Amino acid sequence: MIRISQIKLPVNHTEEQLKNKIAKILRCGSLDFSYEIKKQSLDARHKEDKKFVYTVDVAMRDNRAESKILRKVHDNNIMLTEEKPYCFPEPGEEFLAHRPVVVGSGPAGLFCAWYLARAGYRPLVLERGEEASKRQQTVERFWQNGILDPDSNVQFGEGGAGTFSDGKLNTLVKDPFGRNQEVLKRFVEAGAPGEILYQQKPHLGTDVLVQIVETMRHQIEEMGGTFRFRTKVTDLIFRENALKAVEINGEEQIPAVVCVLAVGHSARDTFEMLNRKGIYMEPKSFAVGLRIEHPQTMMNLALYGEEENTFLGAASYKVTHTCKNGRGVYSFCMCPGGYVVNASSEPDMLAVNGMSYQARDSRNANSAMIVTVTPQDFPEEGPLGGVAFQRELERAAWKAGQGKVPVQLFGDYQKQVPSTELGDVVPCIKGAYTLTDVRGILPKEVGDSIEEGILAFGKKIPGFDRPDALLGGVESRTSSPLRIVRDKDLLQANLEGIYPCGEGAGYAGGITSAAMDGIKTAEAISKKFRNF
Ligand SMILES: Cc1cc2nc3c(=O)[nH]c(=O)nc-3n(C[C@H](O)[C@H](O)[C@H](O)COP(=O)(O)OP(=O)(O)OC[C@H]3O[C@@H](n4cnc5c(N)ncnc54)[C@H](O)[C@@H]3O)c2cc1C
């Protein structure tokens with residue numbers, strides 16, 4: 001296979017033009033080969049001449065032509081390549097008395113169950129929330145009338161926290177084993193568009209994600225897996241430090257010797273239970289802040305040089321700033337053409353996040369403006385200190401908005417006065433909102449850092465610090481506030497049979513890296529146990 005990189009074409013190019021460009025580079029006929037796009041990225045540095053940059057793998061119809069071409073064409077961007085396929089390990093020897101239990105059907109649990117099912121382990125997936133389509137109705141009802149279901153909401157339910165999201169699939173996790181591509185391939189097999197396999201910033205809006213998680217569930221069931229919804233794991237039963245059973249909904253016990261804890265970053269009651277059971281956990285740094293909204297056309301103009309571009313869609317940004325006080329402020333989970341969502345999961349507490357649909361066609365761009373916090377910032381010591389910190393902020397946010405999403409204009413935020421009327425930017429929020437004082441929710445140093453950061457970003461993106469930009473809060477669920485300690489090779493916790501996995505356990509941040517950790521955990525179980 002010949003790999004060619006750095007192929008540049010205008011963003012409105014046709015497929016034909018790409019094929020002809022490859023033929024020209026290889027000095028051969030366009031019928032002499034087939035090709036596969038491996039990477040596509042956008043170069044928008046020259047706004048009047050924006051380009052897509054490609055890496056493609058080319059298979060010559062006549063294999064012998066490959067070496068002839070490489071002798072003829074001397075270019076550092078052209079080389080022979082051979083892809084190493086992903087390989088799931090062979091089953092181990094140890095007898096597995098009961099089917100493995102997977103707690104949570106977010107990306108980590110879902111992918112762990114998918115690979116265990118395909119390898120013949122017949123996993124049992126226990127999910128406290130509802131299946132995706134019912135959950136969607138429950139969440140829409142919450143956004144309409146504010147009635148929260150603490151077990152089925154934006155954080156909990158089939159597909160996990162990632163289902164109501166912008167569905168950004170890019171990850172910074174290094175991956176020598178090919179698990180990243182495996183995740184994307186599974187998504188495509190379950191109905192995602194093929195472009196996600198090569199786009200620099202692939203994304204699957206909420207409307208697409210709901211269908212994908214349901215399809216993956218059906219695939220797992222066909223391969224021998226089972227799902228139980230409205231099924232919360234409330235206790236773990238151990239004998240001589242080894243798992244014997246899991247308790248669900250405070251009553252039924254299910255015999256188990258393997259339990260994957262893929263419970264996500266918001267399973268606070270479950271973290272409290274694990275702490276009581278003596279599972280080693282430690283507090284972990286994460287980040288908190290507010291979600292900022294701007295008109296999407298303003299962002300397109302700043303980043304593309306035009307208010308709209310049908311080939312590129314809504315523009316996205318990533319900004320960072322180091323404050324005088326030494327803290328870092330950065331944009332997180334940016335949602336172009338998206339919505340701010342009420343992402344709460346506990347009564348009288350309010351947390352926000354962002355989502356978008358596949359089309360990314362709302363009038364606003366939003367992202368979280370967040371500041372790193374460490375265990376030193378937490379109100380109490382111990383593994384649950386970060387949870388206590390989050391709850392403090394979310395109670396303050398709930399109070400500030402009286403149960404609605406509290407919103408403040410940046411100008412008022414700077415003057416430290418509550419907002420009373422909007423400017424030109426009109427909120428795009430899922431859930432009721434109210435204009436008030438948002439700055440007061442945050443610890444002073446965090447609030448000050450965000451002001452300094454937004455002013456700094458205004459120098460990079462014109463209008464970012466406009467006085468009518470909107471700030472909604474509180475963004476407190478950026479990643480897990482703790483880590484469940486696990487052995488780095490066996491991936492087991494300090495008590496036998498427990499496999500902490502995904503974002504909640506502190507080993508992932510985002511949909512793709514959580515799914516990759518799910519695959520990794522399935523591999524660890526397979527290496528140890530015989531399948532059925
Ligand atoms: C609104 C929103 C938007 C986001 N946008 C993006 C994005 O665009 N791109 C991105 O990469 N990431 C995004 N994220 C983050 C991403 O969703 C998470 O990183 C990812 O879902 C973590 O996967 P996970 O499987 O580890 O945990 P989760 O997805 O949180 O899943 C955990 C599951 O466990 C279940 N559970 C918890 N406790 C129990 C119990 N005791 N018994 C049974 N079940 C239990 C929960 O109900 C939940 O379904 C977003 C998150 C939110 C909330």
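A salt bridge here is a side-chain nitrogen of Lys or Arg within 4 Å of a carboxyl oxygen of Asp or Glu. This is a predicted model, so local features need pLDDT of at least 70 and side-chain atom pairs count only at pLDDT 80 or more, while totals for chains, interfaces and linings use all residues. Residues are numbered from 1 along each chain as its sequence is written, and side-chain values use heavy atoms, with hydrogens and water left out.

I'll start with the charged pairs. The structure holds 40 salt bridges. In one of them, E475 pairs with R291, with the closest N and O atoms 2.8 Å apart. E475 sits in strand β22 and R291 in strand β13, so the pair ties together parts 184 residues apart in sequence. Strands are DSSP runs of E, at least two residues, and helices are runs of H or I, at least four, numbered from the N terminus. E475 is buried at 0% relative accessible area, and R291 is buried at 0% as well; buried means under 20%, exposed over 50%, and partly exposed in between, with a 1.4 Å probe and protein chains only.

Next, R179 and E523 meet at 2.8 Å, N to O. R179 is in helix α5 and E523 in helix α12, 344 residues apart. Both are buried.

E83 and K38 meet at 3.1 Å. Here E83 is exposed at 52%, whereas K38 is buried at 18%.

Now the cysteines. How many disulfides does the structure hold? The count is 0, a disulfide being a pair of cysteine sulfur atoms within 2.5 Å. The sulfur of C335 is 4.4 Å from the closest cysteine sulfur, in C333, too far for a bond.
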